[in-house]
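This report is meant for a reader who is meeting the structure for the first time.

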Amino acid sequence: MAEIGTNIEQAAALLKAGKLVAIPTETVYGLAGNALDESAILDIFKVKKRPKFDPLIAHTDSLEKIKGIVTHIPDKALMLAEAFWPGPLTILLNKKPHIPDILTSGLSDVAVRIPRHPLTHSLLSQLDFPLAAPSANPFGYISPTSAQHVHDQLGAHIPYILDGGNCSVGIESTIIGFNEQEQPIVYRLGGKKIDDIEQVVGKVKLRINHSSDPIAPGMLKSHYAPSKRLIIGNLTELVPRFHKRNFGVISFHQSFEGLTADRQIILSKTRNLDEAARQLFGALRTMDQKDVEFIITEKFPDMGLGQAINDRLKRAATR
Ligand code: TXA
Ligand code: MG
């Protein structure tokens, strides 16, 4: 069983020996291994039961190190890097030949990110290789936002979980790439708000996949899903309609009379979307573990992190 602790040296030693370690980031916990070591990468796919057509993100602690793994950084990418790294933004850049194809599922771009969590930042500074780190959950399930979440699902398969507390953003990074004309295209909504990105590089195109087409991997239609059925709708109508059934509610800010407290989770009493994002995955997990038949939730305001929350809920409700 995995040990949970805060020993960065131990984590670094395991990673240098080719082993996997779960690491905290400000978005979600990652399942990390040496991004230059094909056998470590294969282990990541195996532990997560992840299909190999779904590429991984390489994490480092400096732009200098990123320059070592990519051929070219477009001006707008550099502006985003300077504005938002370390932070919840992943940028797709043309990879150098020594970056293993299995990391990128054969694509010419590698996804790179400098995460903001202090423990992981310090861990990365002790390594002379980037860390491949997908979210530390079994493929398709809800991403982990605490060391315990990782332990519950992957604890039997990895030696160490670096415990950095609860994730402060709570939703995966926003993914952005550039077309031939170096125009920015957002492929995944996430912890960095579109408004903030547009303030730096101007209008961006959104290419968010809502089909089951695996060409935009990771943006698979059904994803981030609890094992219980999730229904999105108007809670004021749904709660009374289902009154004879055994269900749980995850609401933005509203509480419901006639429902016991253990059957409802409010994500932010003060209607704060950042707080709601931080609580979302933990709430889905908690409800999934309760004795309820299904979970009902609602559409969030389509602004700020509400956009990423709605994206995750939509995928979690798809099966
Ligand atoms: O916040 C995050 O991004 C977290 C933390 C641990 O950093 N990581 C994460 O990784 O969410 P993962 O593997 O669960 O999701 C990354 C997604 C992949 O599913 C894939 O679709 C996309 O990033 N991706 C990675 N490399 C890509 C590439 N070269 N081109 C297009 N999409 C890529
Ligand atoms: Mg994931």
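This is a predicted model: local features need pLDDT of at least 70, side-chain atom pairs count only at pLDDT 80 or more; totals for chains, interfaces and linings use all residues.

A residue is called buried here if 20 or more other C-beta atoms lie within 10 Å of its own, and exposed if 12 or fewer do.

In helix α5, which runs over residues 118-125, the buried residues are T120, L123 and L124. These residues cover an arc of only 95° around the axis, which puts them on the same side of α5. An α-helix has 3.6 residues a turn, so residues three or four places apart point the same way. The partners against which the buried residues of α5 pack are α1 (8-16), β2 (21-23), β4 (57-59), β7 (131-132) and β8 (160-162).

Helix α9, at residues 273-289, gives a second example, and it is mostly covered, with 12 of its 17 residues buried. Among the buried residues of α9 are L273, A276, L280, F281, L284 and M287. The helix reaches 24 Å from its first C-alpha to its last, close to the 24 Å expected at 1.5 Å a residue, and α9 bends by about 40° at L280.

| Element packing against α9 | Residues |
|---|---|
| α6 | 147-154 |
| β13 | 247-251 |
| β14 | 264-266 |
| β15 | 294-297 |
| α10 | 306-316 |

Is A81 buried or exposed? A81 is buried, because 20 other C-beta atoms lie within 10 Å. Leaving aside neighbours within four places in sequence, A81 is in contact with L63 and I91; the C-alpha atoms of A81 and L63, which are 18 residues apart along the chain, are separated by 8.0 Å.

For the protein as a whole, the secondary structure comes to 10 helices and 15 strands, and buried residues make up 45% of the 319 residues. Of the contacts with a separation of 6 or more, 67% are accounted for by residues 24 or more positions apart. The C-alpha trace spans about 60 × 45 × 35 Å along its principal axes, and the radius of gyration of 19 Å agrees with the value near 20 Å that a compact globule of 319 residues would have.

An unreviewed UniProt entry lists residues 5-192 as "domain: YrdC-like". Over residues 5-192 the chain is 27% helix and 20% strand, with the end C-alpha atoms 28 Å apart.

Definitions and conventions: Residues are numbered from 1 along each chain as its sequence is written. Chains are lettered from A and ligands numbered from 1 in the order in which they are written. Helices (H or I, at least four residues) and strands (E, at least two) are DSSP runs, numbered from the N terminus. The arc is that of the directions from the helix axis to the C-beta atoms. Two residues are in contact if their C-beta atoms, placed from the backbone, lie within 7 Å. UniProt positions are given in the numbering used here, feature names are shortened, and annotations may be inferred rather than shown by experiment. The radius of gyration is taken over C-alpha atoms; the globule rule is 2.2 Å times the number of residues to the power 0.38. The expected span of a helix is 1.5 Å times one less than its number of residues. The bend at a residue is the angle between axes fitted to the seven residues ending there and the seven starting there.
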